[in-house]
Amino acid sequence: MLGGKAYAVFSLLFGFSFFIQDDNQRMKGNDFRRRFCWRLILLFIIGNFNAMFFTGEILVMYSLIGFVLVLTCRLSTRTLLWIAAILMLQPVSLYYIFRAATDASFVVPEMPTGPLWEATMGVQSGGTFLETVKVNLWEGQLFSLAWAWDNARIFQTASLFIIGMLIGRQGWLLRKNLRNWVTVMAWALVAFFPLHGLAGMLPSYVDNPNLLRPLLVVVNSLAKVSFMLILVSGVLYLYYCTRCKSLLAKIIPYGRMSMTNYVTQGIVGAFIYYNWGLHAHLGITYSFLLGILLFVLQYMFCKWWLSTRSHGPFEYVWRRLTWI
């Protein structure tokens with residue numbers, strides 16, 4: 001339900017938050033683009049701190065892809081829509097599909113994810129803390145970026161950044177524009193089920209692995225984005241049109257400290273599961289219950305922290321360093 005979608009929601013919000021900051025500065029007569037480049041460099045540093053503990057972190061990737069916002073933010077809405085659509089359709093995978101369909105000898109280039117993951121996993125399972133940090137910062141990061149490339153995250157993230165920026169530009173998160181999200185939900189529902197079904201059927205009909213792999217990349221990425229849009233439009237409808245608004249508003253403190261929660265989840269999880277910590281062996285059920293417990297503890301901390309402060313610890317540091 002959430003795999004591959006939660007990150008996509010976060011990507012939309014990343015582009016949306018850029019629009020807010022850029023628009024606020026433009027109204028003051030300032031150009032935020034260079035400041036945002038510095039902000040991305042800071043995010044790269046924070047991401048590498050997180051990567052010391054958690055291999056699959058995404059902040060480093062966000063800090064690299066985030067420059068697309070600087071390059072495109074002054075373009076017209078129509079141009080941005082075209083760019084976002086092209087990126088969402090995975091142009092490299094489409095090229096692989098064309099080559100494999102027209103040339104039987106074509107082989108899809110492979111990223112070295114296997115050896116990188118084996119090196120990382122071996123140290124996480126049996127290494128010390130310093131050995132884990134070392135492998136996470138090199139092999140772990142390379143694996144994370146290579147995996148993102150193989151699983152359509154690079155182009156999709158850039159597209160979602162731009163779409164999030166456009167959502168802010170068009171005011172789509174305001175209540176008066178809720179009707180637009182009803183339309184989005186309708187089209188997303190129409191798209192998701194055939195895409196999801198097609199992804200399950202393709203292996204039975206396509207024998208050439210060099211054609212099947214890029215086909216699945218495109219279809220699966222579009223299916224996950226479609227379902228993500230169903231989730232987003234559904235939450236917005238619940239917030240604006242039902243009694244769930246007061247319930248949803250209660251988790252605002254958790255969202256306001258999203259970076260702090262994200263980084264501390266990685267640290268706590270690494271301590272619980274990796275060899276340098278408790279090296280716990282928990283099944284799916286106990287891991288799920290542990291996740292709920294961690295969420296509750298973080299939520300209580302967020303409410304207490306924000307009762308006297310305006311930003312979470314990591315959010316505060318990132319903000320203050322941004323405006324040096």
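Two residues are said to be in contact when they have heavy atoms within 4.5 Å. The model discussed here is predicted. In this sense of contact, Arg35, Trp38, Arg39, Leu42, Leu43, Ile46 and Phe49 of helix 2 meet Phe314, Trp318, Arg319, Leu321 and Thr322 of helix 16. Sorted by class, the residues in the contact of helix 2 with helix 16 comprise 8 nonpolar, 1 polar and 3 charged.

Two packed helices are described by the angle between their axes and the distance between the axes. For helix 2 (residues 33-51) and helix 16 (residues 313-322), the angle is about 145° and the axes are 9 Å apart. Helix 2 and helix 16 form a right-handed crossing.

Attention now turns to the interior. In soluble globular proteins, nonpolar side chains tend to be buried together. The largest nonpolar core in this model comprises 44 residues, and Phe14, Phe36, Leu43, Tyr62 and Leu69 have the most contacts inside it. Helix 9 (residues 153-170) gives the most to this core, contributing 8 residues. Another core lies apart from it and has 19 residues, including Ala188, Leu195, Val218 and Ile230.

When neighbours within four places in sequence are left aside, its contacts are Tyr7, Phe10, Ser11, Phe14, Leu40, Leu43, Thr157 and Phe161.

Threonine 132 counts as buried because its relative accessibility is 1%, and buried means under 20%. Not counting residues up to four places away in sequence, threonine 132 touches Met52, Val123, Gln124, Gly127, Tyr274 and Trp276.

Definitions and conventions: Residues are numbered from 1 along each chain as its sequence is written. This is a predicted model: local features need pLDDT of at least 70, side-chain atom pairs count only at pLDDT 80 or more; totals for chains, interfaces and linings use all residues. Side-chain values use heavy atoms; hydrogens and water are left out. Buried means under 20% relative accessible area, exposed over 50%, partly exposed in between (1.4 Å probe, protein chains only). Axes are lines fitted to C-alpha atoms, for helices over the stretch in contact, and angles run from 0 to 180 degrees between N-to-C directions. Helices (H or I, at least four residues) and strands (E, at least two) are DSSP runs, numbered from the N terminus. A crossing is left-handed if the near helix is turned anticlockwise from the far one by less than a right angle, and right-handed if clockwise. Ala, Val, Leu, Ile, Met, Phe, Trp, Tyr, Cys and Pro count as nonpolar, Asp, Glu, Lys and Arg as charged, and the others, Gly among them, as polar. A nonpolar core is a set of buried Ala, Val, Leu, Ile, Met, Phe, Trp, Tyr and Cys residues joined through side-chain atoms within 4.5 Å.
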